[in-house]
Amino acid sequence: MYARRRRLYFAMMGTCIGLFVLAWGVVRIWSVPAAVGLCVVAMVIPPVAAMVANRRGPEDRWWDDPSGDPESDEWWDELDGKKRPRP
């Protein structure tokens with residue numbers, strides 16, 4: 001899943017850069033408002049790409065990972081009703 005999110009992120013960012021280059025390299029010759037419109041669309045893409053890249057799927061078990069602090073992990077396990085063997 002990580003590879004798919006990464007490819008989608010880079011595709012979206014490539015589209016963003018492409019829109020900027022197209023807007024000010026080609027489209028502005030015929031229509032400055034259209035070039036500005038392309039830039040506005042390109043401006044929206046990076047935040048959406050960041051949300052897509054940082055999205056967690058159901059198979060990502062990040063909430064079950066231990067934090068590294070044994071006392072905190074033991075406390076959370078007690079709240080969750082889990083018994084973890086002590087090292």
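Colleague: How are H1 and H2 oriented to each other?

Modeller: Roughly antiparallel. The cut-off for that is over 145 degrees. In this predicted model, local features need pLDDT of at least 70, side-chain atom pairs count only at 80 or more, and totals for chains, interfaces and linings use all residues. Residues are numbered from 1 along each chain as its sequence is written, and side-chain values use heavy atoms, without hydrogens and water.

Colleague: At what angle do the axes cross?

Modeller: Roughly 170 degrees, for H1 (residues 2–30) and H2 (residues 32–54), and the axes come within 8 Å. Axes are lines fitted to C-alpha atoms over the stretch in contact, with angles from 0 to 180 degrees between N-to-C directions.

Colleague: What does the rest of the fold look like?

Modeller: The chain has three helices and zero strands. Helices are DSSP runs of H or I, at least four residues; strands are E, at least two.

Colleague: New topic. Which helix gives the most to the nonpolar patch?

Modeller: H2, with seven residues. Among the patch members are Phe20, Trp24 and Met51, and the whole patch has about 800 Å² of accessible area. That area is Shrake-Rupley with a 1.4 Å probe, only the protein chains shown counting as cover. Nonpolar side chains (Val, Leu, Ile, Met, Phe, Trp, Tyr) are joined within 5 Å, like charges within 9 Å.

Colleague: Why is Val48 called partly exposed?

Modeller: Because its relative accessibility is 34%. Buried is under 20%, exposed over 50%, partly exposed in between (1.4 Å probe, protein chains only).

Technical notes
Parallel < 35°, antiparallel > 145°, perpendicular 65-115°, else oblique. Patch = residues over 30% accessible without salt bridge, like charges linked within 9 Å, V, L, I, M, F, W, Y side chains within 5 Å. Salt bridge = Lys/Arg side-chain N within 4 Å of Asp/Glu carboxyl O.
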